[in-house]
Amino acid sequence: MPVKDMRTAINEALRQEMEADESVFCIGEDLVGGFGTDCGKDQGNAGSFGVTAGLYSQFGGKRIMDTPISEAAIIGAAAGAALVGMRPVAEIMFADFVTLCMDPLVNQMAKFRYMFGGKTTCPAVVRLPCGAIPGSGAGPHHSQTIYALMTAIPGLKVVIPSNAYDAKGLLVSAIRDDDPVLYFEPKALYTESCDVPDEPYAIPLGEAAMPREGDDVTVVAFGAMVPAAIAAIDSLATEGITCDLVDPRTTSPLDEEVILESVEATGRLVVVDESPPRCGLTADIAALAADKAFWSLQAPVKQVTAPHAPTPFATELELAHIPSPERITQAIREVLA
Amino acid sequence: MAEPEATGLSKDRLLELYRQLATIREFEERINVEVNAGRLASFYHLSSGQEANAVGVCAHLDNPADTIVSNHRGHGHCIARGADVQAMMKELCGSSEGLCKGRGGTMHIADIDRGLLGANGVVGGGPPIAVGAALANKLRGDGGVSVVFLGDGAVNEGAVFEAMNMAVVLSVPAVFVIEDNKYGEFTTGAYMTGTGDLRARTESFGLGVTEVDGTDLFAVHEAAGSVIDHARRGNGPAGLICHAPRFHGHFTGDPEDYRPEGEAAEARRDSDCIKIFRARVLATGQLTPDDLAAVDGAVTEAIDAAVAAAAAAPRPDPVDVAADVYVSY
């Protein structure tokens, strides 16, 4: 099977869904990165991360378009176009900038179907490159995950792939889905590779993956923390400690069943996320275990998160902010102590 | 006998436009009565006085791909776009038979099949959505346009700036209808809009703007026709500014302490688009007092029936509180 990185996998999903369905189009800042210039090439930078490379050459400016730097208008336009049956894939260049388009996301597209009495669909996808790239010094405005905030909004679906294979299949599902989907792309994983089939395939939203299986501890990790958790778990396997690793893949809907089944079997739970801890995904999963698997728990639930602080610039601080495999290993040992 | 050409519209057309004006007025005034009588519990933003804006604009939306995006003061736009007044009244009462099953209420009336993409509870929330609907029109090449109604208060929202600019940059068939009733909630436009010049503000984004007396249906109708035609022909977005007073406060129950004494009464006396319409068609002889009285009677009957039907309509089942959040979940 061909090996591809996550950037390529996402690009392939976009291209194949655009080929399959004329109503799919891409809209955002600098997606082509060449509108309005006369650089003599058929495209410019193809986004800040090159994810949309080649789409303009293949589909032209009616299917992928550069916009002004206007997040509220981009996402509002995606909402309006989706409300009349198009399937826009909008990009917010960095997930941090989602604050600039909270109204169209939170008040408009999330609520259309409910407040219009169930008569409408809004098949929009919003792509949000998120999280820190360790050592990149992207700083407080270009490093947040912010997906927990969006997971709290009824009406939105939230996807967080952790590898290239899932990234492609989940994006295909997101584009085909009739509800608005926020698709968070952990920037740290863009260059991570794995086997990715060439043909289109869909991974259902709401089904967790279990990249590691074991007996002693359940680890639940999100996005860029999945590879970190794998590193931690694999290092402990040499000592005979084995863990289930649950990668929910989507936080809304959330596959509670897989998490609870695992916790009931192991009795111990560690939840890992690179976001700050308050009202976040780790607290959500800990509450789920407390509500529905309390009598199975043999130790307090451990949450491994960033501190309650913005993501800093300096490498030493940035690395202190992002949970490391070592911190995850330590948490696993603590719930076993 | 005056010349029928005086308004350039056929008798049937005039009767239909008058029916819409009178229906909106009766709908809004009846809500006020129902609220004052304690039979409606929420707060409603009434559009009495601004009917000609809605009717004159929506009269030109004859392509099935045409859409409108409304706002919090949206009952008139919805009626002019053809929404069923009984289903609307039921929605305002929160009935499960309401246009939106009682989930949206007064500020979220929507009827997608009629190209009504929703009233909106967020000032300035509509324009970006209209840009998206207009972008869909352009990408599909269906000849449709998307019209968004916004107030003079909304022109200070950043999302409106973004939407106007992006409509121009992407050259989409969006029409921005700014209804200037002199107030944004309780504060005057003169105070809160720098320069106070709505036209210059709008034109600065590169939109061609037509400004019109919103109390004159014929003026609105004619201007809206040109503006919508401009967008429909692929010339990009356009703006229309309609000046017409708001007879009521910002919402039902607004004490209106901010408003000069007698201002609303004066507007009802001298700047009532319905009175002005009636005087005009009677003067030209295109409609008779009997014609108008027949429409008035039918409208009163329709609103009576809507109010009665809404009062008797079934209430939602609490078990449905979380239905229809998603298509699938």
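In helix H12 of chain A, five residues are buried: A:Ile328, A:Thr329, A:Ala331, A:Ile332 and A:Val335. Buried means that 20 or more other C-beta atoms lie within 10 Å of the residue's own; exposed means 12 or fewer, partly exposed is in between, and the C-beta atoms are placed from the backbone. Seen down the axis of H12(A), these buried residues fall within an arc of 160 degrees, so they line one face of the helix. The arc is taken from the directions that run from the helix axis to the C-beta atoms. An α-helix has 3.6 residues a turn, so residues three or four places apart point the same way.

This is a predicted model: local features need pLDDT of at least 70, side-chain atom pairs count only at pLDDT 80 or more, and totals for chains, interfaces and linings use all residues. Residues are numbered from 1 along each chain as its sequence is written, while chains are lettered from A and ligands numbered from 1 in the order in which they are written.

Back to H12(A). Helices (H or I, at least four residues) and strands (E, at least two) are DSSP runs, numbered from the N terminus. H12(A) covers residues 325-336, and its twelve residues should span 16 Å at 1.5 Å a residue; the end C-alpha atoms are 17 Å apart, which agrees. The expected span is 1.5 Å times one less than the number of residues.

What do the buried residues of H12(A) pack against? Their partners in chain A are strands E10 (217-221), E11 (243-247), E13 (269-272) and E14 (302-304), together with helix H8 (225-237). Contact here means C-beta atoms, placed from the backbone, within 7 Å. Leaving aside neighbours within four places in sequence, A:Val270 is in contact with residues including A:Ile328, A:Ala331, A:Ile332 and A:Val335.

A:Val270 also belongs to the largest nonpolar core, which has 206 residues. Such a core is a set of buried Ala, Val, Leu, Ile, Met, Phe, Trp, Tyr and Cys residues joined through C-beta atoms within 7 Å. Among the members that touch the most others are A:Val270, A:Ala78 and B:Val131. Helix H3 (residues 71-83) of chain A gives the largest share, ten residues.

Now the domains. Chain A is divided into domain 1 (3-195) and domain 2 (209-336), with bounds from an automatic or database domain assignment. Their C-alpha centres lie 27 Å apart. Where they meet, 27 residues of domain 1 are in contact with 25 residues of domain 2. The domain 1 side divides into 15 nonpolar, nine polar and three charged residues. Ala, Val, Leu, Ile, Met, Phe, Trp, Tyr, Cys and Pro count as nonpolar; Asp, Glu, Lys and Arg are charged; the others, Gly among them, are polar.

Next, the two chains. Their contact takes 36 residues from chain B and 35 residues from chain A. Helix H5 (126-140) and helix H6 (158-170) of chain B each supply at least two residues of the chain B side. H5(B) gives the largest share, nine residues.

Some loops deserve a look. B:Gly98 sits between helix H4 (85-93) and H5 of chain B. Is B:Gly98 buried or exposed? B:Gly98 is buried, with 25 other C-beta atoms within 10 Å. In chain A, a cis peptide bond joins A:Ser252 and A:Pro253, with omega about 0 degrees. A:Pro253 lies in the loop between strand E12 (250-252) and helix H9 (256-266).

Key: Contact = placed C-beta atoms within 7 Å.
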